[in-house]
Amino acid sequence: MEIIRIKVNSSACSGCLSCVTTCSMAHEQYVSLSAGRVQVTLRPFEIRHRIDICRQCAKHLCLEACPEGAIYRDQQDIVRIDDSRCTRCRLCMDACPIHAIFWNPVSEQVIKCDLCLGQPACVEVCPTGALTLNVLKRDARDERQEQVE
Amino acid sequence: MTSNQSFGWAGKILWVNLTNRSVETRDTLDYGPAYIGGRGIAARIGWESIPAGVGAFDPENLLIIMTGTLTGTTAPFSGRTSVNALSPQGWPNEWFSRSNFGGHWGPSLKYAGYDGLVVEGKADTPVTLWIEDEKVSILDARHLWGKGSMETQKRLFQELGEDIRVLTIGQAGENLSRIAIITTETESAAGQGGFGAVMGSKNLKAVAVRGRGAVHIADPETFTRRSKAIIHEVRTGGLFSNAKLDEKRVKTYKQRWQACTQQCALNCGGGCRFYAVMGPLSGEELRGQFHCVSNFIPGIPGTYYDWKLEFDSAFEIRHMADDYGINHWDLLLGIVPWLRDCQKHGLVNQLNGRRIDFNSPQFWADLLHMIAFRLGEGDLLAEGGKRAPELLGFGQEEARPLYAAWGSAGHWDGHGDRGNVIVYPFWIVPALQWAVDVRDPFSSAHGYTATTMHWSAFLNEEHCIPWEKIKAVGKQLYGIESGVDPLSGYEGKEYPAVWHGDRSVMKDSVSLDDNIFPMLLSFNSDDAVSRADGMVGWEYEYHLFTAATGLRLSVEEFNLACERIFNLERAIQIRNFGRSRRDDECVIPYFEYPEWWQSKLLDEKKKLEADKFLPLLEKYYLLRGWDVNAGWPTSETLSRLGLPDVAQTLSGMQVQMAPEENQTNN
């Protein structure tokens, strides 16, 4: 079985924010920078913009931090939040080592990348290759697991 | 539409009076949808609230900063914002004019809940307007006054957070230069118009925004499908797709892509790149965008841009001009070529005691400094390249071929700029567009000449669309083939001039990028017509607008709104400044200079022939429904456009047949 991951190359990012707004539209049907499961911090005076997005890592720190068991890894190896069980305590946000779980003040929900369950809208819209798709074999899971850093 | 839910538009316009520090809001839909958004709504506000007799620097002048209906949505290339006010750069009158900037400020204003911002009055001390979602504060900015655009932004990032967006002026705006810009980030600016000086005159140093809310879309599914299809079409069938970075500059200067506005969907051939360059003069690493007109700073020896600078120095000069907030366009297409020609003709050799030397980075630095701070002769150059010759007492002849009209240097018209190849008869359309405008029209009207020059064999014989197909598209668009025929002379040029005039309004009102829209042609289809998701290219804007707003209006009604806005802008110039046909004809001498480039299909360089152009101008007026003697919209036209109040005002006015008496050469 193949699993997918999003590969991030922030040095290619043009700061168009299309990934953030498109993610918002795909998940919420409105456009808000607060609703992006990928976040880009524009830094107009720096060499690179900053991109934050969940790598679906195997560290499980967010799963372990959740007191309600609301975070789980699904059949496609995607780390997801069961919003019906989420109490908005935001401990997972603190636990994530790469700050890739976010608070959406519009919907008042904790949000993170769910890879659009297979076809990430952000990758499709990204014009410069800052976000690309990485397809991995499941049996290679151990090798690829520490993509973070 | 559910109650209290606005689709496309955020729903409110913020109205700030700096004199009494009051803040109120107005409903956007009191103006839209009849005026769409952006430049259109600004025109309505200008008509209602900037009476005749007000000058650009008066507290009664309104600085109207309006996002478009699509700004902040996922529509491709939609992040732009329109600045509108009485224009310090405008000549001979301070026309009600406009300028358009990209970056990310406009979308964030919408996420904060506002479609636009109107600033009236004047603060007694320098202030920053701080918009944090619905909360609006007026902050002390005395510590920022005197600082450049870059440092102002960096300080506000420190004070208010790095996720904010900032619109600001540099020292040129503070010192009321008529060529002062309003800047956001490193090179996105409302450049033309001198609107930085309007901010300066109001003691408004910056407008900072944090927007955490949302823009709602009436039909998200359709909107997304259409946006995706248009993006696919741009990427596969367009002119600007698949550009590459310059490997050498990636290594040396850390070159990377930089979107000139939110929702840019391309690795763009339009030239937007970000660099980090060690400034030879400052010894500091400077970072920012370098694109568009800035590409002329290095010079091209033997041409109009007859000087030579290294890239590093050119980049540093760009940075200085952006930081001071000086208009690159007036500098590089006006002041600098003018000074160079004056020097060649022995009229001037020094400025403030420094020898004019455009091969010297230090001279450029001195020049920018004297303009920004109005030092010595820089005080007069700060009035802009159109006013400077009169004030300095030399070089009036040298300025004539450079300044097309209205205080703007020539551009995109076969005569000015000289970097863009545009030949007869295609610059006849720009001549008409210049005639009826109040600034350089080509911030949002590249479309016609791009269609004829860039897509045809004139630009690239290998990769082009045959003339027969371009003509067939022209027939569909303008109702006449000769509008785009390379051998047609003056015939039929009024049709594309009217069409692209309204398109310019459309783009600035929904706010879409001018390099991409209107998307008329494509390499993807047999008949060269751009199509996506069942839409035809010239209706993309309409289909995005209706899916975003949920309004059930026809494409004809949408186009009529653009025509309404165009006529309303004309009416403001008439009411406030007595604009008439006599003014429009002022563009003729500029076009009577020979064209700079020659058509491959003709055996000589052409120049405008007034006896052919004047009847064409009359045809243009007739097509617009304007009186041919006055150049005014007739009462019938204004009524047809749903502007009876405008018709009533104009019917009580006399046409000024001698505009010279009305000129203000201050």
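Author: Two residues are in contact if their C-beta atoms, placed from the backbone, lie within 7 Å. The structure discussed here is a predicted model.

Reader: How many residues of chain A are in contact with chain B, and with how many residues of chain B?

Author: On the side of chain A that touches chain B, α1 (18-28) and β2 (30-31) each supply at least two residues, and the largest share, four residues, comes from α1(A). By class, that side of chain A divides into 16 nonpolar, eleven polar and one charged residues. The contact as a whole joins 28 residues of chain A with 33 residues of chain B.

Reader: Which residue of chain B stands opposite A:Val31?

Author: The strand β2(A) is joined by two bridges to strand β13 (residues 215-216) of chain B, and the two strands run antiparallel. Within β13(B), the residue that stands opposite A:Val31 is B:Val215.

Reader: Is A:Gln29 buried, exposed or partly exposed?

Author: A:Gln29 is placed in the loop between α1 and β2 of chain A, and although it is not a glycine, it has a positive phi of about 65°. A residue is buried if 20 or more other C-beta atoms lie within 10 Å of its own and exposed if 12 or fewer do. Because A:Gln29 has 16 C-beta neighbours inside 10 Å, it counts as partly exposed.

Reader: Is B:Asp417 buried or exposed?

Author: B:Asp417 lies in the loop between β20 and α14 of chain B, and it too is not a glycine but has a positive phi, of about 55°. Since 25 other C-beta atoms lie within 10 Å, B:Asp417 is buried.

Reader: What distance separates the end C-alpha atoms of helix α1 (residues 38-49) of chain B?

Author: Ten of the twelve residues of α1(B) are buried, so this helix is largely enclosed by the rest of the structure; among the buried residues are B:Ile41 and B:Trp47. At 1.5 Å a residue, the twelve residues should span 16 Å, which agrees with the distance between the end C-alpha atoms, 16 Å.

Reader: Are α8(B) and α10(B) roughly parallel or roughly antiparallel to each other?

Author: The axes of helix α8 (residues 311-324) and helix α10 (residues 361-372) of chain B come within 10 Å and cross at roughly 5°. Their contact has nine nonpolar, one polar and one charged residues, including B:Met320 of α8(B) and B:Leu368 of α10(B). Angles under 35 degrees count as roughly parallel, and therefore α8(B) and α10(B) are roughly parallel.

Notes:
Residues are numbered from 1 along each chain as its sequence is written. Chains are lettered from A and ligands numbered from 1 in the order in which they are written. This is a predicted model: local features need pLDDT of at least 70, side-chain atom pairs count only at pLDDT 80 or more; totals for chains, interfaces and linings use all residues. The expected span of a helix is 1.5 Å times one less than its number of residues. Ala, Val, Leu, Ile, Met, Phe, Trp, Tyr, Cys and Pro count as nonpolar, Asp, Glu, Lys and Arg as charged, and the others, Gly among them, as polar. Two strands pair if DSSP finds at least two bridges between them. Axes are lines fitted to C-alpha atoms, for helices over the stretch in contact, and angles run from 0 to 180 degrees between N-to-C directions. Angles under 35 degrees count as roughly parallel, over 145 as roughly antiparallel, 65 to 115 as roughly perpendicular and the rest as oblique.
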